[in-house]
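Trainee: I've got the model open and a few things I'd like to talk through. Can we go over it together?

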Amino acid sequence: MIQNYIKIAWRNLLKSKGYATINIIGLAIGMAAVLLIGIWVQNQSKYDNFYSNKDNLYRLWNKYEDQGEISMQNITSGPASLTLKAEYPEVEQAARVYWSMDRLLSFADNKIKSKGTEVDPSFMEMFDFKLLNGNRNQLLNGPQNIILTESLSKKIFGDTDPLNKTLILDNKEPYQVSGIIADLPSNTDFDFTYLIPLTKADLYSPKWNNITFMTYIQLKDGTDVAAFNKKLKNIIAKKTNNELKGSLFLYPLSQMHLYSKFEQGVPVGGKIDQVKLVAGLGFLILLIACINFINLSTARSQKRAKEVAVRKVVGAQRSSLVAQFLTESVLLSLISGILAIGLTSLSLPLFNKVLDKPLDFSFGDPMIWISLLGIILLTGILAGLYPAFVLSSFKPIKSLKIFGKSRKFAFSFREVLVIFQFGIALILIIATLIVHRQIEYAGKRDVGYSPSQLIEIPMEGDMTKNYEVIKSELINKNIAQAVTRTGWSITQNNATSSGNFSWEGSTPEQGKKIVFNLGKSESDFVKTLGLKLIEGRDIDFERLASDSMSVLVNEAAIKEMKLKNPIGSILKWGSNTFTIIGVINDYISGSPYSPVTPLLIHPAKEWMLNMVVRTNPSSPVEQNLKQIEQVLKKFNPAYPFEYKFVDQRFASKFKEQQQTAQLALIFSALAIFISCLGLFGLVSYIAELRTKEIGIRKVLRASVTGITAMLSRDFVKLVLIAILIASPIAWWTMNKWLQDFLTASRFNGGSLL
C-alpha cells in the first residue's frame with residue numbers, strides 16, 4: 001500500500017511540475033534556513049558546557065545593594081578567591097584569570113606576538129582542555145612554566161617537539177614549555193593561545209576594592225549553590241570592616257554565555273535573546289514555505305476533486321485518501337530536504353562570515369541527520385495535514401459538479417494565510433529597518449573625542465625607557481601632533497574601584513557608593529585625544545613633579561560627587577590624597593549603548609599599556625605609519641610594529657548588533673522571496689483556471705493592463721490588509737526591543753524612538 005502511495009505521489013509531482021518546483025524551492029530554502037540556524041543554536045547552547053565537571057563550575061560575581069538598587073559585576077578582587085578557598089569547605093578549587101593581552105614570544109630568531117593570559121595553577125585542573133603533550137598535574141607548577149595551544153606551538157617550533165624548550169617572553173623572562181593543548185573550540189568565551197602562572201596577583205589586586213580578575217570556582221559534588229550563596233551575603237563588608245558594601249555570589253559557568261544580563265540581581269536574559277530571535281526567524285521562514293504549500297494545494301483542489309470522487313466511488317476510505325495526500329507532501333518535503341542539504345553546504349561560508357564564527361556542517365554527525373529527518377517529517381506533515389483533510393472531505397456528487405460551497409471556504413482560508421504570510425514578511429522588514437537605524441543612531445552618538453587620526457601602539461620592550469625620546473622625535477619630525485601614554489585602551493573601560501573615597505562635603509555613604517573607572521595617563525592626555533577641558537588644565541607630569549598627585553575627572557564624576565567648585569578640591573582614595581586639577585567632558589570608553597560613568601585619571605609612568613598617537617592629518621596615513629615604524633625600529637628593534645586605529649576599535653563595538661541586523665536582513669529577504677514565490681504560483685494557477693474568461697475578455701477588447709489589474713486586485717487588497725495588521729505589531733515589538741537600549745543606556749537623546 002505504501003509503495004502504491006509513493007508511486008501515485010511521484011506521478012502527481014511529475015504531472016504538476018510548476019506547482020512542485022515552487023513548493024520544493026520554498027520548502028528547501030526554509031529547511032536550509034532552519035538547518036543553518038540549528039547549527040548555530042547548537043554551538044551557542046554548548047558554550048563552555050563541554051568540561052567534565054561542568055555542573056560544578058561557577059563564575060564569581062560581585063553584588064552591590066544600595067537603597068533598593070542592585071548592581072552586578074563579573075570581575076572580582078584578588079582576595080576573593082583566596083578567601084573562598086581557605087574558609088569555605090564547599091569549595092573544591094578556585095582560579096583567577098587575568099586580562100588577555102598580546103605579548104612577544106621569542107625562540108631563537110622566531111618572534112611572534114600572540115594573545116595569552118595569566119592564571120592560577122588550579123585553572124588547568126578545573127578546565128580540562130584537551131591536552132596533547134605534557135603532564136596535566138605539572139602544567140603550571142613552576143612559576144616559569146608556559147602552556148601553548150597547538151597552532152601557536154606549530155608557528156614557533158614547527159613540527160619539532162616543543163616540550164621543555166625555553167621561550168623568552170617580552171624579551172625578558174624565560175619560560176619553559178610544560179604542555180600543549182588543542183586549539184580552543186569556537187564555543188568558549190576564553191580567548192588565549194598561551195597560559196602562564198599568575199605570580200603578580202598581589203600587585204594587580206591586593207585589596208578588596210581593586211576589581212581586576214575573572215574568578216572561577218569549582219564546588220564539591222552535592223553542594224547546594226543557593227545555600228552557599230547565602231553564606232556569601234555581605235562578605236565584602238565583613239572582610240573590609242564595613243568600609244565597602246557588597247556580597248559575592250556564584251553563577252553557573254554553563255549559563256554565562258546565554259544568560260549574563262541581570263536586572264536587580266536577577267538574570268533576565270542576554271545572548272539568549274539573540275538566539276531566540278534568530279531561531280524564531282528560521283521557524284517563520286519555514287512556516288511561510290509551508291503556507292505556500294497549503295495555499296497551492298487547496299487552490300488545486302478543483303483539479304483533484306474529481307480524482308477524490310472517483311476514488312470514493314470505488315470504495316476508498318477517507319483515511320486512505322489522507323494517507324495519500326500526506327505521502328505526497330512528505331515526498332515533496334523529502335526532495336526539498338535533499339536540496340536543503342546542498343543549500344546549507346553552499347551558504348555556510350557566508351553564514352560563518354556574517355557571524356564571524358567557524359561553524360561546521362558535518363555529514364558524519366548523526367545529530368545532523370536525525371534533525372534533518374525530523375524537519376522533513378514535521379514539515380511534510382505540517383504543510384500537508386490541512387490540504388489532506390480538505391481534499392479528502394469532498395463529497396463525490398458535489399465533486400463531480402462545479403465546486404460548490406467548499407471553494408468559498410477554501411479561498412477564504414487562503415486569504416487568511418496570504419495575509420499572515422505577508423504580515424510576517426512585513427514585520428521582518430520593519431524590524432530590520434529599525435535595527436539598522438538604531439545602530440546608525442548609536443554610531444552617530446558624540447564619542448566625546450576625535451577618534452580619526454588616532455592610533456594606539458602597545459607599550460612593550462624598550463619603549464618605556466625610550467618613551468620620551470620617541471615622543472620627541474615623532475613630534476619634531478611632524479609625524480604626530482600629540483603623543484601620550486595610557487594604562488588602558490581608550491575605547492574600553494578600565495578597572496574600577498569603589499568605596500574608600502572621600503572629598504570635601506562628602507558623606508561616608510557617598511564615598512562608599514561612588515564607583516570610579518580608573519585610568520592612568522601622562523602628559524598631553526587631553527590634547528592627544530582631542531577632549532574638551534570644562535575646567536582647569538591637563539596633567540603635565542613630564543614638566544611638573546607636583547602633578548604626580550593630581551587627577552582629572554569627568555563631568556559624570558563631578559555630577560555624582562556634587563562638587564560646585566571642583567578645581568583644587570582634595571580627593572582622598574584610601575591613604576592617598578589627590579588634587580583635582582581638571583574636569584574633562586564625558587566621553588565613551590565602554591559600550592556605546594551605556595551611560596558614561598565616573599572616570600578618574602591619575603598620572604603614572606609605570607604599568608602603561610599603550611602609546612596613543614595623534615598623527616599629522618596633513619600627511620597620508622600610510623606615510624605616517626611608515627615613519628612611526630622607522631622611529632620605533634630605531635628605539636625598540638626587538639619588537640614588530642603593531643598598531644590599532646581607535647576609530648576602527650570603536651566601530652567594532654557595534655559588531656553584535658550588526659550581526660543581528662545582517663541576519664534579520666537576510667532572513668527578511670528570504671521571507672519576502674518565498675512569499676512572492678507562493679503568490680506568483682497562486683496567481684498563475686488562478687489565471688490558468690480563468691483562461692476561458694480571459695479569452696472572452698480579450699475578444700471583447702479588454703486591455704492587458706485591465707486583465708492584469710483584474711487578476712491582481714484581490715491579492716493587492718490582501719497585501720494592503722497585511723500592511724495594516726503588521727505595522728502596529730511591528731511597532732509594538734520593536735518599541736519593546738528598543739526599551740533595552742533605554743534601560744541600559746539612557747545616554748543623551750536616549751533612543752531612536
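Trainee: Is L377 buried, exposed or partly exposed?
Mentor: Keep in mind that this is a predicted model. L377 sits in helix α12. Buried would need under 20% relative accessible area and exposed over 50%. L377 has 39%, so the call is partly exposed.

Trainee: How many residues are in the largest nonpolar core?
Mentor: Nonpolar side chains tend to be buried together in soluble globular proteins. Here, W40, L332, F351, L359, L663 and F667 have the most contacts inside the largest core. Helices giving at least two residues each include α2, α11 and α21. Another core, of 31 residues, lies apart from it, with L552 and F650 among its members. As for the largest one, the count is 65 residues.

Trainee: What does F351 touch, leaving out residues up to four places away in sequence?
Mentor: F351 is one of the residues with the most contacts inside the largest core. Its partners are L36, W40, L359, L663 and F667.

Trainee: Is S523 buried or exposed?
Mentor: S523 is in the loop between β20 and α17. Contacts beyond its sequence neighbours include K471, V483 and F541. Its relative accessibility is 0%, so S523 counts as buried.

Trainee: Which side chain makes a polar contact with the side chain of S523?
Mentor: I539, D540 and F541 are all among the contacts of S523. The polar contact, at 3.4 Å, is with the side chain of D540.

Key: Residues numbered from 1 in each chain as written. Predicted model: local features only at pLDDT ≥ 70, side-chain atom pairs only at ≥ 80, totals over all residues. Heavy atoms only, no water. Helix = DSSP H or I, 4+ residues; strand = E, 2+ residues; numbered from the N terminus. Buried < 20%, exposed > 50% of the residue type's maximum accessible area, 1.4 Å probe, protein only. Polar contact = N/O pair within 3.5 Å; in protein donor to acceptor, adjacent residues only side chain to side chain. Contact = heavy atoms within 4.5 Å. Core = buried A, V, L, I, M, F, W, Y, C linked by side-chain atoms within 4.5 Å.
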